[in-house]
Amino acid sequence: MMSNRISGDDCAVCLQSCLYPVQLPCRHPFCFLCAKGIAMKNEPCPLCQIPLPRDFLKNPENYKNSSNRNDGGVGIQTQFCWFYSGTSAGWWQYSSRTNHEIETAWKSGKTSIQLPIAGNMYTIKIDEMVQYRTDGRSQRRKIKRRKAHAKKRGIAGLKMNQIGREHHMTTRSQTRSNRIVTRSQTSSS
């Protein structure tokens, strides 16, 4: 079984600390969006060239515990976030890094920016409130700026029930352990 610890690992794709870390079968850590980009292109691990199973992103054991996991996609000071429309329905919040880049561009009056997202370059047209892959290989999706607590399907491609999964498991096991300790203390009194 693979370790769920992460300490100072950087993503070899974006060269930043892993945000929503995923561990490939070869044990190399990547940001979820960077790993998703690798998987969508059917590419092997960029570091060791080991092929990726098609369903590795669906396996919860591949997600790693990290302080970068439960940031909710925004800093505590942020009141507004940027969202993009899903392919079928609903809105997805951008990751905290992408949100920061878009917000900075918006506040400085830029009408568009280009950002790497999931291994592809995207154009975000702030003046038209749309995003699309710069190479033209995707549909145009609507974007919007709303309050941080607005209803959403997830953050950066992770469904809300996937975000903080390890935290919830830890909480349940800690609760179970606390009950056992409490019972043993009660019976020994």
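The chat below goes through the core, the aromatic pairs, the cysteines and the salt bridges of this predicted model.

Me: What kind of model is this, and how are residues numbered?
Reply: It is a predicted model, in which local features need pLDDT of at least 70 and side-chain atom pairs count only at pLDDT 80 or more, while totals for chains, interfaces and linings use all residues. Residues are numbered from 1 along each chain as its sequence is written, and side-chain values use heavy atoms, with hydrogens and water left out.

Me: Which residues touch the most other members of the largest nonpolar core?
Reply: That core has 35 residues, and Leu24, Tyr94, Ile102, Ile117 and Ile124 touch the most other members. A nonpolar core here is a set of buried Ala, Val, Leu, Ile, Met, Phe, Trp, Tyr and Cys residues joined through side-chain atoms within 4.5 Å, where buried means under 20% relative accessible area, exposed means over 50%, and partly exposed is in between (1.4 Å probe, protein chains only).

Me: Which helix gives the most to this core?
Reply: Helix H1 does, with five residues. Helices (H or I, at least four residues) and strands (E, at least two) are DSSP runs, numbered from the N terminus.

Me: What is Ile124 in contact with?
Reply: If we leave aside neighbours within four places in sequence, the contacts of Ile124 include Tyr94, Ile102, Ile117, Val130 and Ile143, with contact meaning heavy atoms within 4.5 Å.

Me: Switching topic, how many aromatic pairs are there?
Reply: The count comes to two aromatic pairs, using rings of Phe, Tyr and Trp (its six-membered ring) whose centres lie within 6.5 Å; planes under 30 degrees apart count as stacked, over 60 as edge-to-face and the rest as tilted. In one of them, the rings of Trp82 and Trp106 have centres 6.2 Å apart and planes at 70 degrees, so this pair is edge-to-face.

Me: Where do Trp82 and Trp106 lie?
Reply: Trp82 is in strand S3 and Trp106 in helix H2, so the pair ties together parts that are 24 residues apart in sequence. Trp82 counts as buried at 0% relative accessibility, whereas Trp106 is partly exposed, with a relative accessible area of 37%.

Me: And why are Tyr84 and Tyr94 called tilted?
Reply: The ring centres of Tyr84 and Tyr94 are 4.9 Å apart and their planes are at 55 degrees, so the pair is tilted. Tyr84 is in strand S3 and Tyr94 in the loop between strand S4 (91–93) and H2, ten residues apart.

Me: How many disulfides are there?
Reply: The count is zero, a disulfide being a pair of cysteine sulfur atoms within 2.5 Å. For Cys14, the nearest cysteine sulfur is that of Cys31, 3.6 Å away, and for Cys48 it is that of Cys26, 3.6 Å away.

Me: How many salt bridges, then?
Reply: The search of the whole structure finds five, each being a side-chain nitrogen of Lys or Arg within 4 Å of a carboxyl oxygen of Asp or Glu. One of them joins the side chains of Glu103 and Lys107 (3.7 Å, N to O), and these residues both lie in helix H2, four residues apart, about one turn of the helix.

Me: Are Glu103 and Lys107 buried or exposed?
Reply: Glu103 is buried, with a relative accessible area of 10%, while Lys107 is exposed, with 62%.

Me: Which residues are linked with them in a network?
Reply: Glu103, Lys107 and Arg145 are linked in a network of salt bridges.
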